[in-house]
Amino acid sequence: MIVPKPKQGRGFAVVADEVRTLASRTQNSTEEIRRIIQELQLATGDAVEQMKAGKLRAQECIESADQASTSLDAINDGVEQIVGMNTQIASAAVQRKRMANTPTELQYLGRWCPRILSGRDHPYRQDFHAPTQLLPQTI
């Protein structure tokens, strides 16, 4: 069967209209895909910037922690020095106290030892052991 020419033209027009519709939809879809890709690129750029900022903050935290560690080490060293000085001061104070008592004891010994060693009988003979009793307290 042979189709008259006007009917053939109408079929061509329908196909052409369908092709235009598909082309328009393709163009719209392509534009939407381009927009989505652009948004993804912007979001990716923002994510990269956030990661860089996070990395910078982490490095700053590490530096702060290192500084705090150094400061704590210095404080610990200072405390150890103070403890050492306190020990030296306490030792010096004990020695000073011992030395403070020594002249009196030496004077006592200086007065009584010659008399005791000479063998003379004297009323202080009972004090013979007194200096030796004092010595262990001061040493």
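**Close-up views of the predicted model**

**Figure 1. A salt bridge joins Glu31 and Arg34.** In this predicted model, the closest N and O atoms of the Glu31–Arg34 pair are 2.3 Å apart. Glu31 and Arg34 both belong to helix H1, where 3 residues, or about one helical turn, separate them. Glu31 is partly exposed, at a relative accessible area of 42%. Arg34 also counts as partly exposed, with 43% relative accessibility. Side chains of opposite charge can pair when their charged atoms come close.

**Figure 2. Arg35 forms a salt bridge with Glu39.** The closest N and O atoms of this pair lie 2.7 Å apart. Both residues sit in helix H1, and a spacing of 4 residues places them about one turn of the helix from each other. Arg35 has a relative accessible area of 37% and is partly exposed. For Glu39 the relative accessibility is 43%, so Glu39 counts as partly exposed.

**Figure 3. Asp17 and Arg20 are linked by a salt bridge.** Between Asp17 and Arg20, the closest N and O atoms are 3.8 Å apart; the cut-off for a salt bridge is 4 Å. The two residues are 3 residues apart in helix H1, which covers residues 5-117, and this spacing is about one turn of the helix. Asp17 is partly exposed, with 42% relative accessibility. Arg20 has a relative accessible area of 53% and is exposed, because the class begins over 50%. The search of the whole structure gives 4 salt bridges, including the Asp17–Arg20 pair shown here.

**Figure 4. Four nonpolar residues form a patch on the surface.** The patch consists of Leu72, Ile75, Val79 and Val83. Together these residues have about 370 Å² of accessible area. Val83, one of the patch residues, is part of helix H1. The relative accessibility of Val83 is 48%, so this residue counts as partly exposed, the limit for exposed being over 50%.

**Figure 5. Residues 127-139 have pLDDT below 50.** For the protein, the mean pLDDT is 79, and 64% of the residues reach 70 or more. Over residues 127-139 the pLDDT is below 50, and the stretch has 11 contacts in the model beyond near neighbours in sequence. Where pLDDT is low, the predicted coordinates should not be read in detail.

**Figure 6. The protein as a whole has 2 helices and 0 strands.** The protein has 139 residues, of which 5% count as buried. Its accessible surface comes to about 12,200 Å². Carbon and sulfur atoms account for 61% of that surface. Helix H1 runs over residues 5-117 and holds the Asp17 and Arg20 pair, as well as Arg35 and Glu39.

Technical notes
Residues are numbered from 1 along each chain as its sequence is written. This is a predicted model: local features need pLDDT of at least 70, side-chain atom pairs count only at pLDDT 80 or more; totals for chains, interfaces and linings use all residues. Side-chain values use heavy atoms; hydrogens and water are left out. Buried means under 20% relative accessible area, exposed over 50%, partly exposed in between (1.4 Å probe, protein chains only). Accessible areas come from the Shrake-Rupley method with a 1.4 Å probe; for residues, only the protein chains shown count as cover. A salt bridge is a side-chain nitrogen of Lys or Arg within 4 Å of a carboxyl oxygen of Asp or Glu. Patches are made of residues with over 30% relative accessible area and no salt bridge: like charges are joined within 9 Å, nonpolar side chains (Val, Leu, Ile, Met, Phe, Trp, Tyr) within 5 Å. pLDDT is the predictor's confidence in each residue, from 0 to 100. Contact means heavy atoms within 4.5 Å.
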